[in-house]
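Consider how two parts of one chain can pack against each other. The report below takes up that topic.

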Amino acid sequence: MSVDFDIIRTARAILHVTDLERSRDFYIKGLGLVETESDENTIYLRGLEEHVHHSLVLKKADAPHVEVTSYKVRSDADLDALAAMFEKHGMKTKWLEEGSQHAIGRALRVQDVSGIPLEFFAKMDTVERLLQRYDLYQGAKAQRIDHFNNMVSDVEAAYDFYTKELGFSCSEYTATEEDKIWAAWIHRKPSVHDVAFMNGEGPRVHHVAYWLSDPMSLIHGCDVLAALGYAENIERGPARHGLSNAFFLYLRDPDGHRIELYNGDYLTSDPDFKPIRWELNDKRRQTFWGAAAPDCWFNEASTVLDVHTGKPLETVAGKLKQAKPIFIV
């Protein structure tokens, strides 16, 4: 659907963490992110190929939450057009003027139709890209932020809003026997997704994903994480998804936020690309090969904050009953 603004891609996440030093060790030594700047309350991190100031902000807090998930737009005019669209739908917006957040320009925040806290911005300070500074590579050598995955109570409502009102396209989706959408992978950049929605108790953020340059970076990351004492933080994988074709690893950071390390999806730029449908009980969709996902992968996720009050949002049970596929042999 044609819209009056241009959302480019997933851009950053702001996570509240309880111990900055433990988080710094995990994200820098284990995942290989680069620290751009920090102070006593905040750490700004980026991937090795990213030319912008940060893609992940860690804020010291009393409890772990997700403050916001952010998308980059093409221009400041797109922010105004987005605000008008949200307000047309009766969704209260919040402006953060340039200078109110470090290294970022004017930003628009809003709770989406599911309650997920969104942020849109056009401008961020640029820094040195470290893609070929191989002497600085460590851990899993995370290259760039790739996508978010959100757990919401009504996936079809989220799917309709993002595709019809925000201009996202669908690459793949999972449907029940009654043809209800259980999960959907949607994108603005020409890859499998910038954001996915899955049925469950929400609104919550299931994970933030970083893209790696090759599968061996993921394997090496496992070795480094284990050597650092984070073997128990590896929740699922390494394995390959049927959906997206991704070679993946899921981790829990020291506060329980879930991070995916990700490689191997595909191009979706052609306008005649048709979304791929998966049956909910097709065991290949979530695990093409590898161990099945543990129950915690379906049940646990990070709580999100109200963009206006800063308080955690209450959650609602998923509209569709079944959460974990039944594997019939």
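This is a predicted model: local features need pLDDT of at least 70, side-chain atom pairs count only at pLDDT 80 or more; totals for chains, interfaces and linings use all residues.

Residues are numbered from 1 along each chain as its sequence is written, and side-chain values use heavy atoms, with hydrogens and water left out.

The protein splits into domain 1 (7-121) and domain 2 (139-299). These bounds come from an automatic or database domain assignment. Their centres, taken over C-alpha atoms, lie 19 Å apart. In contact (heavy atoms within 4.5 Å) are 46 residues from domain 1 and 43 residues from domain 2.

| Interface item | Value |
|---|---|
| Buried area, domain 1 and domain 2 | about 3,500 Å² |
| Share of buried area on carbon and sulfur atoms | 65% |
| Share of the domain 1 side from Thr-10, Phe-26 and Leu-31 together | 18% |

Buried area is the accessible area (1.4 Å probe) that two parts lose on being put together, summed over both. Thr-10, Phe-26 and Leu-31 lose the most area in domain 1 to domain 2.

One salt bridge crosses the interface. The term requires a side-chain nitrogen of Lys or Arg within 4 Å of a carboxyl oxygen of Asp or Glu. Arg-144 and Glu-49 form a salt bridge through their side chains (3.0 Å, N to O).
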